[in-house]
There are 2 protein chains.
Amino acid sequence: MDIEENKNNLEIILDDSSDLSLNQIRRLLNKMSSSEIAHALESSPPKQRKLLFSLLKTDEEGDVLFELGEEIQQDLVSDISDDELTEAVKELELDEIVDILQNLPEERTKMVLSKMSQIDRKRIEKGLTYPDNTAGGLLNTDVISVRPKNSIEVVIKYLRDQGELPENTDKIFVVNDDNEYLGELAISKIITAIPSMTVREIMETEIAPLYVDQDDKEVATIFERNNLISSPVVNESNQLIGRITIDDVVDVIREDADQNLLGMAGVAEDTFAPPGRAAKTRVFWLTMNLLTAFIASSTINLFQDVLDKIVYLAILMPIVASMGGVAATQTLTIVLRGLTLEQINTSNIRWLFKRELAVSILNGIVLSILVGSVTYIWFQQFTLAILISCALVINLIASVAAGIFVPLILRNFNQDPAIGGSVVVTTVTDVIGFLSFLGLATIYLI
Amino acid sequence: MDIEENKNNLEIILDDSSDLSLNQIRRLLNKMSSSEIAHALESSPPKQRKLLFSLLKTDEEGDVLFELGEEIQQDLVSDISDDELTEAVKELELDEIVDILQNLPEERTKMVLSKMSQIDRKRIEKGLTYPDNTAGGLLNTDVISVRPKNSIEVVIKYLRDQGELPENTDKIFVVNDDNEYLGELAISKIITAIPSMTVREIMETEIAPLYVDQDDKEVATIFERNNLISSPVVNESNQLIGRITIDDVVDVIREDADQNLLGMAGVAEDTFAPPGRAAKTRVFWLTMNLLTAFIASSTINLFQDVLDKIVYLAILMPIVASMGGVAATQTLTIVLRGLTLEQINTSNIRWLFKRELAVSILNGIVLSILVGSVTYIWFQQFTLAILISCALVINLIASVAAGIFVPLILRNFNQDPAIGGSVVVTTVTDVIGFLSFLGLATIYLI
């Protein structure tokens, strides 16, 4: 089977204990598709990655570069000469070239552009003006368009003359003489239509085109809700300027879902980023956490007296803080996911808050009985057991407020609510946890 | 614009302060597509959701049910009668019916099946035998197949006779007289080919079909790597039994990415699940965290003497534990993501471990200088500042071991490494954090 075989190729290449000669590796790479090579590069530590990339043929380099994540793409591009880069991207489609060039320093982009034909240069320069996270940043210019007055027979003849159709062509588009978008025409409809009918008679005009400056997440939602393969993109004058295809949208969906996971932990690097870069992306939230940990410590500091008198309070206090942290992260996760899926809005946030409160009270009852019992068995002190149970319930309620309002407030200030959200919410639960437990102890135990 | 308008519909419906009559809501729902109605239902609290669903026409209910997530789908289905359910699913495609029926209690499935024609029943029963997370669980049976000896002209005539082609039909399949898969034929190729050529001459035979029992994540990877719209599925005898389309694969990708995020926090419910259910899904990991928090407390308990003598150790000890927890979660996140993307394997895990160690040492240096300085300024004790710095470095190194090995060990035991991973790794860093800080203090401060 083809796929199994390629998997083996990948594993052989990645296995650094195997003693393959460079020629053997080169032969293996020749058998792999560009997306498989890209995956092999992304699964390799930096040094090995550079070696593998250097073994590729120049005409393969462009395809592989396009398939790579932004960070690794930039790394590898920065290692090759302008001439090699120009050669590598030469065979790519214009939007793929745009994708690679937009991450380069301006100097290099100009250099590469200067080596292209004027028509290509103009079109690429146009492509470079669209922001990365908009419909414009995703669009391909490889559209096929026909006129409403054309007969299906003429359209079929026209398509036949094209030879091969661009990848993921499930529909062509209908425009007027000014290239204004009028409607779309599914290939499957062309093939099943009566040849003498006109495009106007069978074209679909109900579905709205995408706008060039529409947000890419919105584009992904539209694709998902309507099960699209491709969709036309128009500019502010309703002129057809390109199309977006499902494969680019899948990348947006992946990245979108990734962002919550990585953001919450405060990491933002490739799996195999070099240590210096990885350390740099992570140290910010570690430092933030250090500052917030000192805030939590100052809270404890307020209760030196009671800690001095009753040493086992120090033993138990992390429990209340830690439970609040886990509960707050649970609420935060639900809110972040709801925001990403666009399920949360002003009309239902109140219900969500009440639901989370109910959850924290329900779980608070179960857990406070547990924590109280274990504490009583351990320290044989009834008051202490009651105190830690109460502190836990207080902190679980605080965790709801933190888990719901921190992401909403961050989003209100146009910050990504996923990034560092968990550091902020656990600070709240640490402070409230120490405050409630040690505070209650000060009142009732001394 | 169509989309904007629907968005408004959605917001109007969800806004519980608006005083719409039931008829007004009904009219709004009529204007929305089934996927938009499904999104509205998923964005509604349970009561409102049931009301909205009850306003749908029976023939719309089936389409909407199919678009819903499993949990909400089950909820709504359990509220309607067998007759209504049969009526609702009647117009759906067979694989869509399978999707809904497979989540029902056996009794109800039988009841609904008994009301169908024998042919449909047989095919649905076959569909129900495929596990949910395999290619079989994703497949549609709406394939169009032709024979290799057919001419393109005959194929086009055949397609024309079909009238409309099934959704997402970018290719048809070539089989022999025993329905064994031979190759595929892109619609765009049919349209551009010379009509007198035969299927055999232009069919694509290089691409391997999917196997019915292939893992659904593997299917998603194949679709992503090869930018597929649809792919044939064969059984163990290489017979064509259906096809998988990109829209179902996008759902797998979404769920896959979701799983890491939700699993790490120990939540597993819908955004608007009722409080009882939400509490139930979360209490397990809260209880686990309680047990592990007691383990951390027992560690502190070992150091009662030193805590009794030097009270500010209790103030500082949560800092070391908390920093280790954040660092471990960062490493864990990178490993989980690498495992999901199938980037991590035996050949590069050693490099990854070394990289993480280097990161923790680099960040350890920066952070220990910070923590030492603040501690010195706060408590004016040089030895204490050195001790907390050393404890922090030790705990950051421990965080690497926890963040890398916990998910790998979980996966080795065939457990989902995402679920509860963060509770386990933070236990490790809590214990090592308290042990190193209080241990060093015992040695050097008293």
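## Strands, helices and the A–B contact

In β6(B), Thr245(B) is the bridge partner of Ser230(B). Strands here are DSSP runs of E of at least two residues, helices are runs of H or I of at least four, and both are numbered from the N terminus. The model is predicted: local features need pLDDT of at least 70, side-chain atom pairs count only at pLDDT 80 or more, and totals for chains, interfaces and linings use all residues. Residues are numbered from 1 along each chain as its sequence is written, while chains are lettered from A and ligands numbered from 1 in the order in which they are written.

**Sheet in chain B.** Strand β5 (residues 230-234) of chain B is joined to β6(B) by five bridges. The two run antiparallel. They belong to an open sheet of three strands, ordered β4-β5-β6 (chain B), with mixed pairing. Two strands pair if DSSP finds at least two bridges between them. β4 (210-211) and β6 (240-245) of chain B are at the edges with a single partner strand each, so one side of each has no neighbour in the sheet. Helix α16 (residues 246-265) of chain B lies across β5 and β6 of chain B. Its direction makes about 60 degrees with β6(B).

**Sheet in chain A.** Chain A has an open sheet of three strands in the order β1-β2-β3, again with mixed pairing. β1 (145-146) and β3 (181-186) of chain A are the edge strands, each pairing on one side only. Strand β2 (residues 171-175) of chain A runs antiparallel to β3(A), and five bridges join them. Lys171(A) stands opposite Ala186(A) in β3(A).

**Domains of chain A.** Chain A divides into domain 1 (2-129), domain 2 (145-244) and domain 3 (266-445). These bounds come from an automatic or database domain assignment. The C-alpha centres of domain 1 and domain 2 of chain A are 31 Å apart.

**Helix packing.** Two packed helices are described by the angle between their axes and the distance between the axes. Axes are lines fitted to C-alpha atoms, for helices over the stretch in contact, and angles run from 0 to 180 degrees between N-to-C directions.

| Helix pair | Crossing angle | Axis distance |
|---|---|---|
| α21(B) and α22(B) | roughly 155 degrees | within 8 Å |
| α15(A) and α16(A) | about 115 degrees | 9 Å |
| α17(A) and α20(B) | about 35 degrees | 9 Å |

α21(B) and α22(B) are therefore roughly antiparallel. Angles over 145 degrees count as roughly antiparallel, under 35 as roughly parallel, 65 to 115 as roughly perpendicular and the rest as oblique. The crossing of α21(B) past α22(B) is right-handed. A crossing is right-handed if the near helix is turned clockwise from the far one by less than a right angle, and left-handed if anticlockwise. Their contact residues comprise 19 nonpolar, eight polar and no charged. Ala, Val, Leu, Ile, Met, Phe, Trp, Tyr, Cys and Pro count as nonpolar, Asp, Glu, Lys and Arg as charged, and the others, Gly among them, as polar.

α15(A) is roughly perpendicular to α16(A). Their crossing is left-handed. Residues of α15(A) that meet α16(A) include Val219(A), Ala220(A) and Phe223(A). Among their partners in α16(A) are Val249(A) and Ile253(A). This contact has seven nonpolar, no polar and three charged residues.

**Between the chains.** α17(A) and α20(B) cross in a right-handed sense. α17(A) brings residues including Leu286(A), Leu290(A) and Phe294(A), and α20(B) brings residues including Leu362(B), Val366(B) and Leu370(B). By class, the residues of this contact are 15 nonpolar, two polar and two charged. The whole contact takes 105 residues from chain A and 105 residues from chain B. Two residues are in contact if their C-beta atoms, placed from the backbone, lie within 7 Å. On chain B, the side touching chain A has 56 nonpolar, 30 polar and 19 charged residues.
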